[in-house]
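Let's take a friendly walk through this structure, one region at a time. Please have the model open as you read.

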Amino acid sequence: YTSIIVNLPGYVITSEYFDSYRLSFNVEVEVKTVPCHRCNKKTGTIYETKTRKIRHSFWHERRCNLIAKQRRFKCKHCKYRFWELLPGVLKYGRRTENFKKQIARTALNGHDNKRVAKDLCVGQATVQRDINHHSFLEVQKKLSEQAVQKKPDLSEIKDKQNQINDDFSDVKKDLDELEKKN
């Protein structure tokens, strides 16, 4: 329930800490077994764990950090060891995708990069990088929606093909007539 309020799908909040400037949530991943990166078979054997601090989006004007226990698994089948991927965080990321979106949207709503960087406690280059990333994702989303909407019907394709064949045959006849005249 609490993970839905804080917009943390895939996590279970084990404890939290609040003060006037920040929120910290101790979280664990809901999934108990994960597929191996090498052989793709499910495994649940935990080899080791480590604690990671991940920055999450600001919540009621306070910084929000996730203290996540990331697990390293050992596959029973191929003996391969691998770290689990945390939901909403890229492989080597220290920020959630929600926080990146928040940075980009704040900057794109008319605030300059310097102000956004100061308010959200990140660098100006980070703001620009997140704007570029967010814009790229939005363009991809719109292009995929257009591709889905413009799926041609099979009869349309056949009609177009017949039209091209007819045009080509007309051009071929014209060329044959020109050769006969010469």
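## An exposed glutamate in a loop

A residue counts as exposed when its relative accessible area is over 50%, and as buried when it is under 20%. Keep in mind that this is a predicted model.

Is glutamate 61 buried or exposed? Its relative accessible area is 75%, so glutamate 61 is exposed. You will find glutamate 61 in the loop between β5 (46–59) and β6 (62–74).

## Where α2 meets α3

Two packed helices are described by the angle between their axes and the distance between the axes. For helix α2 (residues 97–108) and helix α3 (residues 113–120), the axes come within 9 Å and cross at roughly 140°. The crossing of α2 and α3 is right-handed.

On the α2 side, the residues in contact are Phe99, Ile103, Thr106 and Ala107, and they meet Asn113, Val116 and Leu120 of α3. By class, the contact of α2 with α3 has 5 nonpolar residues, 2 polar and no charged.

Rolling a probe the size of a water molecule over the atoms shows where empty space is left. How many cavities of 30 Å³ or more are there? The count comes to 1, and the largest cavity holds about 50 Å³ of space.

Its lining consists of Glu97, Lys100, Lys101, Ala104, Asp130, His133, His134 and Leu137. Both α2 and α4 (124–149) supply at least two of the lining residues. The lining of the largest cavity divides into 4 charged, 2 polar and 2 nonpolar residues.

Note on methods:
Residues numbered from 1 in each chain as written. Predicted model: local features only at pLDDT ≥ 70, side-chain atom pairs only at ≥ 80, totals over all residues. Heavy atoms only, no water. Helix = DSSP H or I, 4+ residues; strand = E, 2+ residues; numbered from the N terminus. Buried < 20%, exposed > 50% of the residue type's maximum accessible area, 1.4 Å probe, protein only. Axes fitted to C-alpha atoms, helices over the stretch in contact; angles between N-to-C directions. Left-handed = near helix turned anticlockwise from the far one by under 90°. Contact = heavy atoms within 4.5 Å. Nonpolar A, V, L, I, M, F, W, Y, C, P; charged D, E, K, R; others polar. 1 Å grid on protein atoms, 1.4 Å probe; cavity = no way out; pocket = protein on both sides within 12 Å on 5 of 7 lines; lining within 4 Å. Points joined across faces, edges and corners; volume = space filled by probe spheres on them.
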